[in-house]
Amino acid sequence: MSRLAGRHVSPPPSKTRVSNKGYRKEILSPSVISSHQQDTKDPFSALSLLRKLLDNSARSGYKMSSEENELSLHLLTVIEPFVGAAPMDKDEARRTMTRQPNEILDAIASHIDSRRDLLALALTCHRLRDVVLLRHLEYRVIHCKPSSEKVWRHLIAHPLLAANVRRILVMDERSRDLEVIPSRVAEEEDVHSEGLDMHIEHQRLIVNALAKMVNLASFAWTCNNSLVTFEDVSPTLFTCEMLKEVEITDNQMFSPSIASIHDDEGTRDHLIPSQVSEVPDLISVAIRTAKNTIRLSKLPSLVRIQDLLISHCPNLTTLRVGYDHRRPFIPRADQFLALGRWPSLRSLSLQNLWCSTHFGFEAAADFLAAHPLIETLHFELGRVQLELPVHTLPNLKDLVCSREVAVAILTCPMSKGQKRPLESLKGFKLGGGRDTALLQGIKGYPNLKRVDLLAYDDIEDVRKLAEVASKLTWLDVGKRSCTPAKASGPASVNEWAAVLSALPELTTFHGVHFFYEFSDASSHSDRSRIKKNDEVASMLAWKCPKLKRVDYWDNSGKVVILGKEGERLKWEVRRAKV
């Protein structure tokens with residue numbers, strides 16, 4: 001022992017043995033091990049150290065010591081949250097999100113279409129705010145005019161930003177609405193085309209910008225005063241594979257086909273694209289005329305609309321076509337109904353069109369029979385006499401049509417044991433002694449909840465309706481079509497209350513004014529009117545216990561709400577959409 005007194009005694013080596021190589025020392029010192037055990041925020045250095053441990057063990061054939069094994073397990077707990085192998089709390093998940101590269105954050109935000117959701121994402125932290133606000137939130141929806149060259153040039157120059165556009169509205173040149181454009185457009189050089197051919201440059205810019213919007217989902221065209229037409233940009237528009245919705249407000253869509261005008265000149269091949277591209281995801285199309293009469297054809301036609309829908313829209317679920325001008329002529333829908341077939345169609349609206357007596361009536365009946373999935377139907381084709389085959393429109397829920405069409409649909413027989421789930425009926429007149437078949441048809445639909453009339457002749461007609469549709473919860477009688485003398489005050493509440501008492505489930509009634517107008521409760525006349533209004537409310541609450549909403553005394557967008565406060569009846573005026 002005296003020989004060892006002045007010597008330094010080294011610690012014994014590790015007992016980890018490897019064949020033919022004796023014993024070895026530890027790879028890492030205890031200080032390095034302890035420092036890495038305390039650092040839990042850097043996954044990259046942890047991954048590097050873990051690879052070093054594994055590489056050395058595999059290359060030299062060593063087994064890990066207890067300290068190295070403990071360190072490797074600790075390093076795994078540091079790395080696992082970043083590869084999704086372990087649960088994370090909210091703070092840790094947020095830190096992981098913000099450590100991602102900008103390209104990853106941009107790709108994540110590109111999967112969010114809603115502006116509201118994007119704003120919520122941008123409010124989470126400064127890093128996401130910088131990515132979402134400037135590159136996504138301002139580009140999701142754009143409203144601009146064909147002459148807004150700076151917008152189109154900006155989208156062409158920045159295709160990655162153009163790919164973030166989900167909805168674009170091409171506004172009318174005379175529109176007074178404000179444009180909705182990204183703030184970065186102001187940085188672009190202000191260049192304007194001049195001359196008689198500037199509309200050609202506008203068309204070129206719009207087409208090139210649309211080609212960059214690879215994720216465009218909704219397109220709206222309300223431009224009726226520009227030389228650039230929808231048909232000029234539609235070939236490029238229908239190459240957008242993500243397109244789901246198209247809205248067109250343009251009088252030229254109801255003009256005769258260009259092909260029919262230029263057939264004699266041999267220009268058909270030049271005007272119509274050689275390749276017709278279908279858009280399988282396009283499910284909603286709405287086409288209607290503008291409010292003005294600019295470019296309104298004297299001989300309106302549905303040929304352009306028919307060609308567009310049949311060529312590009314095979315999977316439509318919603319279709320709306322409306323012609324809002326009554327003079328001098330309205331479009332004929334014979335060929336449109338004969339050729340148009342969309343197996344997935346669920347909502348159809350055809351407004352202010354007409355059919356010929358023989359071929360048109362037959363085409364309309366065949367069209368309805370060929371679309372059994374229709375749930376919402378607005379069929380305004382005049383006085384059409386339909387002979388529908390059995391089991392037509394088995395899924396119909398909402399119907400807006402004339403009295404003749406309503407009779408044809410309601411009296412059309414169904415297969416045994418089946419009934420249409422009809423809940424809403426609108427758009428027809430009541431009265432004139434021609435309601436027998438209609439009322440008999442309504443009687444066969446006990447689940448009918450809502451009826452909206454255009455007009456009625458007499459209160460007795462409404463009484464007959466209430467007898468056959470006793471489960472109504474909403475009734476709008478419209479205007480009285482034949483009034484012998486203009487009434488000076490509200491309608492007789494006693495007479496109407498007796499009619500409405502046949503509708504025990506009624507909650508909303510419109511079309512008749514029961515309440516007296518007043519302005520200042522302090523005057524004697526106004527106090528008298530308030531007292532009469534209290535009596536009216538009491539009568540309605542007595543006869544119709546569930547009635548909550550009736551008309552205001554004028555058409556100012558307000559309604560009278562009936563209710564109870566304890567045992568006391570009260571009524572109040574609220575602004576509501578009637």
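Helix axes are lines fitted to C-alpha atoms over the stretch in contact, and angles run from 0 to 180 degrees between N-to-C directions. The model described here is predicted.

**Packing around helix α19**

Helix α19 spans residues 459-468 and helix α20 spans residues 493-500. Their axes come within 9 Å and cross at roughly 20 degrees. Because angles under 35 degrees count as roughly parallel, α19 is roughly parallel to α20. On the α19 side the contact is made by I459, V462, R463 and A466, and on the α20 side by E495, W496 and V499. Five residues of this contact are nonpolar and two are charged, with no polar residue.

Helix α19 also packs with helix α18, which covers residues 436-443. The angle is about 25 degrees, and the axes are 8 Å apart. Helices α18 and α19 are therefore roughly parallel to each other. Here L439, I442 and K443 of α18 meet K464, L465 and V468 of α19. The contact of α18 with α19 divides into four nonpolar and two charged residues, again with no polar residue.

| Helix pair | Axis distance | Crossing angle |
|---|---|---|
| α19 and α20 | within 9 Å | roughly 20 degrees |
| α18 and α19 | 8 Å | about 25 degrees |

**Cysteines**

A disulfide is a covalent bond between the sulfur atoms of two cysteines. The structure holds zero disulfides. Residues count as buried under 20% relative accessible area. C223, at 1% relative accessibility, therefore counts as buried. C355 is likewise buried, with a relative accessible area of 9%.

Notes
Residues numbered from 1 in each chain as written. Predicted model: local features only at pLDDT ≥ 70, side-chain atom pairs only at ≥ 80, totals over all residues. Heavy atoms only, no water. Helix = DSSP H or I, 4+ residues; strand = E, 2+ residues; numbered from the N terminus. Parallel < 35°, antiparallel > 145°, perpendicular 65-115°, else oblique. Contact = heavy atoms within 4.5 Å. Nonpolar A, V, L, I, M, F, W, Y, C, P; charged D, E, K, R; others polar. Disulfide = S-S within 2.5 Å. Buried < 20%, exposed > 50% of the residue type's maximum accessible area, 1.4 Å probe, protein only.
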